[in-house]
Amino acid sequence: MDKAITAPKAKSKKRKAKDQSFKYFLLVAPFLVLVFIFSYLPLYGWSYAFFDYRPPLKLSQCEFVGWKWFKYLFGNPMQIKQLINVLKNTFAMSGLGILTSVLPLAFAVFLNEIKCKWFKKLVQTLTTIPNFISWILVYSVAFSLFSSSGMVNHVLQDLGITTDAIKFLESDSHTWITMMLWGLWKGLGWGAIMYLAALAGADQEQYEAARVDGAGRFKLMWHITVPQLLPTYFVLLMMSIANFLSNGMEQYFIFSNSFNMQHIQVLDLYIYKISMGSASFSLGTALSMMKSIISVTLLWVVNTLSKVFRGESII
Amino acid sequence: MSKETNTTAYKAKKKKITVGDISFNIINYAVFIIFTIICIYPFYYLIINTISSNDLSNNGVINFLPRKLQFENYKQVFKLSGLSAAATISLGRVVIGTLCTTLASAFLGFMFSQQKMWMRKFWYRFMCITMYFNAGLIPMYIIMLNLHLNNSFWVYILPAIVSPFNIILVKTYIESISSSLQEAAEIDGAGIVTIFVRIMLPISKPILATIAIFSAVGQWNSFQDTLIYITDQKLYSLQYLLYKYINEASTLANVMKSNGGAAGLANLATKQTATSIKMTVSVIVVFPILMVYPFAQRYFTTGIMIGSVKG
């Protein structure tokens with residue numbers, strides 16, 4: 001008797017729940033369509049890499065060329081030489097980025113030693129500002145300070161150190177280092193914020209205990225502060241290895257000129273130049289396709305390594 | 001009791017300041033002061049040079065304090081053809097883009113925290129995984145062409161609406177709050193949309209503020225989308241216009257010629273030069289960031305903290 005009454009009720013309840021769960025899905029569906037259009041649909045564009053695509057034509061009107069563009073990239077010595085040069089720049093910039101990735105950590109550790117609160121806060125605030133301006137503005141700043149009629153050259157000439165203006169921007173000397181320094185100027189303070197936030201919640205008792213035991217300042221920094229930050233550092237390091245091929249193009253695009261092109265052209269910039277500059281759509285697609293596949297593989301490798309050694313995935 | 005003795009012992013120890021400590025502190029402070037000045041001085045330099053007399057500025061003597069104050073640069077620059085249009089576009093994309101991204105992130109973050117959704121896990125992954133791959137420049141360009149989004153204002157807005165990282169932030173935030181509020185509202189018969197608008201939006205204000213600020217800064221600073229998708233001058237953003245001014249001497253020369261009439265007769269102190277225009281536009285572009293920054297700073301930190309917890 002009891003069962004007979006509750007059974008249909010339960011059924012309608014179940015159905016209602018099902019309707020509701022589908023309604024929830026329908027509410028997010030429009031956004032999923034956006035995701036599909038802007039993230040998945042472009043993958044179909046990879047097919048352009050196998051055609052000889054010429055823009056006003058439709059893809060179906062173009063010749064299917066198979067692996068031609070991939071072969072072309074490694075085909076003649078000139079092309080190989082250029083590709084090697086581009087990769088050299090990419091590796092150099094990413095490598096320097098990884099080498100200097102300890103600096104934000106050091107920044108945080110040393111700033112943490114400063115006890116004056118307002119000073120600490122002021123430094124933190126002012127050094128993060130450059131992170132929030134665009135690379136164009138960074139270049140504008142660079143231009144007004146370092147161009148041949150810029151502030152630095154004026155000062156150097158007034159002091160009698162140089163007679164002719166030094167061309168800081170229109171030269172190819174130390175391009176890699178210069179780019180790294182601009183990157184640091186923009187990103188160092190911001191990079192330290194995450195570490196500083198981690199330290200803000202740090203346990204003070206450990207320090208006191210160690211101090212009572214007679215540990216000096218550097219010992220405290222090395223044995224207590226740094227270990228607290230290492231997990232964060234490790235995750236960021238892994239991410240930067242996964243992003244080894246992607247330097248982004250904005251910085252290099254804006255700072256590049258005919259003088260420094262040899263040392264500033266990273267992969268992303270090269271892809272842009274090939275695609276938009278010389279309108280070789282198919283070749284550009286072939287390149288970005290290879291880059292994407294290698295990047296995803298790298299991310300997978302790094303993530304697996306992280307799982308094996310730390311028992312935690314990074315994504 | 002024992003804690004008390006500990007602290008006194010610690011205090012006693014702290015009072016002994018050694019020469020090493022003092023020199024460490026001096027060097028430490030000095031390094032931070034120098035780096036902070038390096039970070040800030042360029043902005044100061046730009047500002048003082050745009051408000052000083054242009055002939056002094058051209059001679060490179062304005063390095064520390066402004067001299068012979070004048071604001072003619074700003075008055076003239078706003079008359080430049082294209083500048084106010086570009087400012088409108090930039091403002092427009094900041095306002096509309098930020099609103100869309102923030103609301104969409106809030107809604108999606110909330111919806112994906114609902115266990116009941118049909119195939120929730122699958123759709124969540126479907127969205128999140130897009131953070132890690134990228135079809136590339138040309139495939140994206142072709143999609144925009146096919147959707148007729150090139151040379152359209154919406155190319156600035158639509159691709160940015162769904163941002164997986166922001167959605168994860170909101171989802172994490174909402175899941176950290178107890179679900180009893182929602183249950184209570186459900187018992188009262190409130191629908192999912194009502195719960196979102198009445199309860200979840202107000203509750204997740206802090207995280208939404210963070211997302212809004214990041215998205216606003218991103219929209220203001222964005223440059224690459226104009227470079228790739230836009231050829232129509234009416235849709236140039238301020239950043240792109242600044243890029244044109246800095247990189248293409250011809251653009252600037254044209255602008256100055258068209259502005260020439262009165263400026264040609266003006267005296268040297270207020271006469272616009274290529275440099276003065278570049279600097280003034282730079283200050284205009286950087287000004288909103290500098291103004292908003294002190295108020296927004298704490299939200300930046302919150303955002304990055306929640307992000308790092310997620311790992």
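Student: In chain A, what share of the contacts with a separation of 6 or more comes from residues 24 or more positions apart?

Tutor: This is a predicted model. Two residues count as in contact if their C-beta atoms lie within 7 Å. In chain A, residues 24 or more positions apart supply 65% of the contacts with a separation of 6 or more.

Student: How does the radius of gyration of chain A compare with that of a compact globule of 315 residues?

Tutor: The rule for a globule scales with the number of residues. A compact globule of 315 residues would come near 20 Å, whereas chain A has 27 Å. The C-alpha trace of chain A spans about 105 × 75 × 35 Å along its principal axes, and 29% of its 315 residues are buried. The secondary structure of chain A comprises 14 helices and two strands.

Student: Which residues touch the most other members of the largest nonpolar core?

Tutor: This core has 105 residues, and those with the most such neighbours are A:Ile136, B:Leu108, B:Val170, B:Leu241 and B:Leu242. Helix α5 (residues 83-111) of chain B contributes the most, with ten residues. Leaving aside residues up to four places away in sequence, A:Ile136 touches A:Ile254, B:Phe223, B:Gln239, B:Leu242 and B:Tyr243.

Student: What is the helix content of residues 153-174 and of residues 195-217 in chain B?

Tutor: UniProt, in an unreviewed entry, lists both stretches under "transmembrane region". Residues 153-174 of chain B are 50% helix, with end C-alpha atoms 33 Å apart. Residues 195-217 of chain B are 96% helix, with end C-alpha atoms 30 Å apart.

Key: Residues numbered from 1 in each chain as written. Chains lettered and ligands numbered in written order. Predicted model: local features only at pLDDT ≥ 70, side-chain atom pairs only at ≥ 80, totals over all residues. UniProt positions renumbered as here; feature names shortened; annotations may be inferred. Helix = DSSP H or I, 4+ residues; strand = E, 2+ residues; numbered from the N terminus. Core = buried A, V, L, I, M, F, W, Y, C linked by C-beta atoms within 7 Å. Buried ≥ 20, exposed ≤ 12 C-beta atoms within 10 Å, placed from the backbone. Rg over C-alpha atoms; globule rule 2.2 N^0.38 Å.
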